[in-house]
Amino acid sequence: MFEVRSRWSKVVLQVVLTLMVLPFLFPLIAMVQGSLGGTGWNNYRVVLSISTLPRFFLNSAIIAGGTVLIVYVCTMLAAFGFAKLRIPAKSVFFWMILSCMTLPEVVLLTPLFTTATAAGLYDTYWAVIVPLAALQIPFAVLLTRNFIEAIPDELIEAARVDGANMWRAFRYIVAPLTGPIVAAVVVLTLIGAWNDYLLPLVFLQSPSLQTVTLVPQYFIGQFSNDQTKVLAAAVLTAIPEIVAYLALQRFFERGLSAGALK
């Protein structure tokens, strides 16, 4: 990580960064201002008074939690195998996994819908959790593999000399050292799962299973397209992921930079 020393360079860098942030900041400001229009804070009180709102958050928490768990387990095992194990043609398998990053979500809707229906998973949490995890794993493996490759092989060899098998070396040596990259993977996966709109819209038809990304659409029907309350609902749905990012920001930035560079 480079360091800017001169005062002039710091000023220029701060101005550039501010200008880069503004296009992303204006929509957020407009959303908050719009949510306070009309009756002001009463819009939030009306939205919070809806009895089904906690269920939307619970459904998103279940889906996000399940997605994070699957991505974490699969990513750690796959990244460790690609980084430290001698597997025939592992580079071929690695690039096959990375090729999945080129597949947009919308292209997979038809085969996913057919598979979910045939497996009896339609209108269940699993119909959303499994595809979301599969879409997140390739990029997570890319970051985590680079991070694990930087861990000295001597640590694993020392554990093997002391009688530990490869699984114990992974569990007690590698896994505890991957905290920063795990934080980055968790935050990225959480944001992706929490914000996903298309898969819950297609695969979750029961109102009791729908997620927070469908809340604005739900409130459009409830409040006859009252945009102030719809925007208030949108602000409330964004709070959990903002809190999660702020809580893990230090680890996220450290892990993302370490996982991106070899």
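Let's start with two helices, α3 (residues 53–84) and α8 (residues 166–177), whose axes come within 12 Å and cross at roughly 105 degrees. Angles from 65 to 115 degrees count as roughly perpendicular, so that is how α3 and α8 lie to each other. Keep in mind as you look around that this is a predicted model.

What does α3 bring to its meeting with α8? From α3 come Met 76, Leu 77 and Phe 80, and they meet Met 166, Trp 167, Phe 170, Val 174 and Ala 175 of α8. Sort the residues of this contact by type and you get 8 nonpolar, no polar and no charged.

Stay on α3 for a moment and find Thr 67, which sits in this helix. Is Thr 67 buried or exposed? Its relative accessible area is 1%, so Thr 67 is buried. Leaving aside residues up to four places away in sequence, Thr 67 touches Ile 129, Leu 132, Ala 133, Thr 189 and Ala 193.

In soluble globular proteins, nonpolar side chains tend to be buried together. Here the largest nonpolar core has 28 residues, and the ones touching the most other members are Val 47, Ile 63, Val 128, Phe 203, Val 215 and Phe 219. Helices that each supply at least two residues of this core include α2 (42–48), α3, α6 (126–149) and α11 (215–222). Which helix gives the most? That's α12, with 5 residues.

Terms used: Residues numbered from 1 in each chain as written. Predicted model: local features only at pLDDT ≥ 70, side-chain atom pairs only at ≥ 80, totals over all residues. Heavy atoms only, no water. Axes fitted to C-alpha atoms, helices over the stretch in contact; angles between N-to-C directions. Helix = DSSP H or I, 4+ residues; strand = E, 2+ residues; numbered from the N terminus. Parallel < 35°, antiparallel > 145°, perpendicular 65-115°, else oblique. Contact = heavy atoms within 4.5 Å. Nonpolar A, V, L, I, M, F, W, Y, C, P; charged D, E, K, R; others polar. Core = buried A, V, L, I, M, F, W, Y, C linked by side-chain atoms within 4.5 Å. Buried < 20%, exposed > 50% of the residue type's maximum accessible area, 1.4 Å probe, protein only.
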